[in-house]
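I opened a notebook page for this structure. My entries below follow the order in which I looked things up.

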Amino acid sequence: MILLLGIINVCFSHYSPNTVEATLSISVILIINVFVSKYLKSKTYFHWLFQIINIVSFVFSITTLLCYAFHHYSMMEVGFIDLTNFKHYYRPWGCPSNEWTTFMFLFLPYSLYMYFQSGRWRVLNVLNMILITLCIIVSYSRGLYIAYWVLLVTFGLGLIINKDKDNLVKYGKLLMVVMPVLLLLIIPIRSNVMTTLAMNKTESQQRSIEARIERWQLEKEIVSQNVCFGVGMGNYIFV
């Protein structure tokens, strides 16, 4: 069904090459999902797969924070203190900060899941969660800050709704460890963090919000003009 919708999307796309690429990406994800569902049915296999993902994210987190450290001290050397205005110069692994940190954010649920599943690796999972959270913090992205808190609150509400008291206690203990550690670690960059949390403090933030509002208004017009099939996946840059 998803592939059929993708083909329809390509046929009615304003620029087909972009939509073909997006559809192929979805197809690859579906193939991987089928492979995992068919050949990794054992809980043990899933456990080790998630643990491998955690180890990979741990390595990515360390290297990302090293990239930020280099960026931070490079800016400080030339006299810039408020790095929120220069976050576009921060490019971990050569990628735009927001895009790379969004990728890192996707590893967070794996760390949460493995924290509740694994006894031997629990310390690594807690450390991994701290590192990924630091990657999110130093991105100075308001959207990622909001997404992070939405994830934590939603996860907690899920445990409450399911009346899972044991895991709710574990979750509380996790937050009691992670949050104080993070508060200590962000002391050197607290002014940048507070500026990001202010959401609408700097001129750059204000311009960003104004631009988003303009784009939302434009998107309403685009939706009204292309109600049935849209403009095609991957074509946002043209509209």
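I counted ten helices and zero strands in the chain. Helices (H or I, at least four residues) and strands (E, at least two) are DSSP runs, numbered from the N terminus. This is a predicted model, where local features need pLDDT of at least 70, side-chain atom pairs count only at pLDDT 80 or more, and totals for chains, interfaces and linings use all residues. Residues are numbered from 1 along each chain as its sequence is written, and side-chain values use heavy atoms, with hydrogens and water left out.

Next, the overall extent. The C-alpha trace spans about 55 × 50 × 35 Å along its principal axes. Of the 239 residues in the chain, 36% are buried. Buried means under 20% relative accessible area, exposed over 50%, partly exposed in between (1.4 Å probe, protein chains only).

Then I looked up contacts (heavy atoms within 4.5 Å). Among those with a separation of 6 or more, 72% join residues 24 or more positions apart.

I checked the cysteines. How many disulfides does the structure hold? I found zero; a disulfide is a pair of cysteine sulfur atoms within 2.5 Å. The sulfur of C67 has its closest cysteine sulfur in C135, 9.5 Å away, so the gap is too far for a bond. C67 is partly exposed at 27% relative accessible area, whereas C135 is buried at 1%.

Last, I turned to N192. It sits in helix α9, residues 190-198. Is N192 buried or exposed? N192 is buried, with a relative accessible area of 2%. Leaving out residues up to four places away in sequence, N192 touches I81, D82, L83, T84 and Y140.
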